Amino acid sequence: RGRHGEVPLYSDLLLHDMGPALDDKIAQGDATGADWRTTPLVGLAQRHRYLHDGRATTLRDAVLAHGGEAERVRERFFELDEDEQQAVHRFMRGL
């Protein structure tokens, strides 16, 4: 809750297995190296680097890097036609 009411984080703030491509081999508590906390998407338009650790320089690269639990969502994004993908990007850049 912010000063002016609810703040839409666009995150579940949970740990998710993101697959071997994002595995940094660092274990913290119950989290393995492939486990990452969902980064809030609020303020995404102000960022120049993406993903949980900033390794992606484009939103497309960030989506492409997702594996593990997010693999099906990544596949569904790339099944969208170009106009639909651009609509998702516009929405995300507006956050």
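I began with secondary structure and counted three helices and two strands in the protein, taking helices (H or I, at least four residues) and strands (E, at least two) as DSSP runs numbered from the N terminus. Read along the sequence, the order is β-β-α-α-α.

I note that this is a predicted model, in which local features need pLDDT of at least 70 and side-chain atom pairs count only at pLDDT 80 or more, while totals for chains, interfaces and linings use all residues. Residues are numbered from 1 along each chain as its sequence is written, and side-chain values use heavy atoms, with hydrogens and water left out.

**Overall figures.** I took the extent of the C-alpha trace along its principal axes and got about 40 × 35 × 20 Å. Of the 95 residues, 27% are buried; buried means under 20% relative accessible area, exposed over 50%, and partly exposed in between (1.4 Å probe, protein chains only). The protein exposes about 6700 Å², with 53% supplied by carbon and sulfur atoms (Shrake-Rupley method, 1.4 Å probe).

I then looked at contacts (heavy atoms within 4.5 Å). Among those with a separation of 6 or more, 43% join residues 24 or more positions apart.

For charges, I counted Lys and Arg as positive and Asp and Glu as negative, leaving out His and the chain ends. Each charge was placed at NZ of Lys, CZ of Arg, CG of Asp or CD of Glu. There are 13 positive and 17 negative charges, and their mean positions are 7 Å apart.

**Aromatic pairs.** I searched the whole structure and found two. Rings of Phe, Tyr and Trp (its six-membered ring) pair if their centres lie within 6.5 Å; planes under 30 degrees apart count as stacked, over 60 as edge-to-face and the rest as tilted. Y10 and F91 have ring centres 5.7 Å apart and planes at 85 degrees, so I logged them as edge-to-face. Y10 sits in the segment before strand 1 (15–17) and F91 in helix 3 (residues 82–93), so this pair ties together parts that are 81 residues apart in sequence. Y10 is partly exposed at 42% relative accessibility, and F91 is partly exposed at 47%.

The other pair is F77 with F78, also edge-to-face, at 5.0 Å centre to centre and 85 degrees between the planes. F77 is buried at 9% relative accessibility, whereas F78 is partly exposed at 27%.

In soluble globular proteins, nonpolar side chains tend to be buried together. Leaving out residues up to four places away in sequence, L22 touches G33, W36, L51, H52, R55 and A65.

**R55.** R55 is partly exposed at 38% relative accessibility. With the sequence neighbours up to four places away left out, R55 touches A21, L22, W36, R49 and Y50. I also took the C-alpha separation of R55 and S11, 44 residues apart along the chain, and found 19 Å.

**Positive phi.** I checked two non-glycine residues with positive phi. L13 has phi near 60 degrees and lies in the segment before strand 1; L13 is partly exposed at 38%. K25 has phi near 65 degrees, sits in the loop between strand 1 and strand 2 (35–37) and is exposed at 68%.
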